[in-house]
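Below are a few notes to read alongside the model.

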Amino acid sequence: MASPSFCLFAALLALVSWQAIASDPSPLQDFCVADKHSPVLVNGFACLDPKYVTADHFFKAAMLDTPRKTNKVGSNVTLINVMQIPGLNTLGISIARIDYAPLGQNPPHTHPRATEILTVLEGTLHVGFVTSNPNNTLFSKVLNKGDVFVFPVGLIHFQFNPNPHQPAVAIAALSSQNPGAITIANAVFGSKPPISDEVLAKAFQVEKGTIDWLQAQFWENNHY
């Protein structure tokens, strides 16, 4: 039978281990500017030698106050992540401006590596997210100027401008320097090479001709 001291040690070890994997470790230095030319492969980017770091590594003249042209689904996502600002490396944050045409939408998508918090700057948005299986519960809300909504990490979500006459604008912050985006329709019907129409017809319970028509469409990316 294990001694009480051993049981206490095991319990403390389990507690410490759980805390260690529950979140990222604390930074060990002030910053880790991304060295995009480093041959070292890590989860993210290797650090640029601090003696070569300048203020410009933390800056971008992004003109996020300037309206953007929208695409055929009626939106334009201007994402500022570690690819645009190397100083974001390891900091776990990025930002995006989203422009919506009248009746435009940011179609159902997911960010595999980030929670998103969205603020409406202009106009009105109908937003929502869907929980995971088996419930697939929809949480949705109509937002007006100044309203804020949160999309939990990894869950499918969307934004739609219900106004047929006025555009809308939002700013989103994401909890990753490289949040990623998977637009559902683009991934399912626009994959390269395409997913078998037999597989998709069975999954969506439709005729293969319907799948073939969907796969023949041009699935435009709205992230720029």
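**Notes on the listed site and the core**

1. Histidine 157 sits in strand β8, which covers residues 156-160. Please keep in mind that this is a predicted model. With a relative accessible area of 1%, histidine 157 falls under the 20% cut-off, so it counts as buried.

2. Which residues does histidine 157 contact beyond its sequence neighbours within four places? They are Pro107, Pro108, His109, Thr110, His111, Glu116, Gly128, Phe129 and Phe151.

3. Histidine 109 belongs to strand β3, residues 105-110. Histidine 109 is buried, with a relative accessible area of 1%. Its side chain reaches the backbone oxygen of proline 107 at 2.7 Å. Setting aside residues up to four places away in sequence, histidine 109 touches Glu116, Leu155, Ile156, His157, Gln159, Ile182, Thr183 and Ile184.

4. An unreviewed UniProt entry lists His109, His111, Glu116 and His157 under "binding site". These residues span 49 residues in sequence, yet no two of their C-alpha atoms are more than 11.9 Å apart, so they gather at one spot. Of these residues, His109, His111 and Glu116 are included in the lining of the second largest pocket.

5. Now for the core. The largest nonpolar core has 19 residues, and Tyr100, Leu118 and Leu125 touch the most other members. At least two residues each come from β1 (75-80), β2 (94-100), β4 (116-122), β5 (125-130), β7 (148-151) and β9 (168-174). The biggest contribution to this core is from β9, with four residues.

Terms used
Residues are numbered from 1 along each chain as its sequence is written. This is a predicted model: local features need pLDDT of at least 70, side-chain atom pairs count only at pLDDT 80 or more; totals for chains, interfaces and linings use all residues. Side-chain values use heavy atoms; hydrogens and water are left out. A nonpolar core is a set of buried Ala, Val, Leu, Ile, Met, Phe, Trp, Tyr and Cys residues joined through side-chain atoms within 4.5 Å. Buried means under 20% relative accessible area, exposed over 50%, partly exposed in between (1.4 Å probe, protein chains only). UniProt positions are given in the numbering used here, feature names are shortened, and annotations may be inferred rather than shown by experiment. On a 1 Å grid over the protein atoms alone, a cavity is a set of points where a 1.4 Å probe fits but cannot get out, and a pocket is an open set with protein on both sides within 12 Å along at least five of seven lines; lining residues have an atom within 4 Å of a point. Contact means heavy atoms within 4.5 Å. A polar contact is a pair of N or O atoms within 3.5 Å; within protein, one must be able to donate a hydrogen and the other to accept it, and residues adjacent in sequence count only if both atoms are side-chain atoms.
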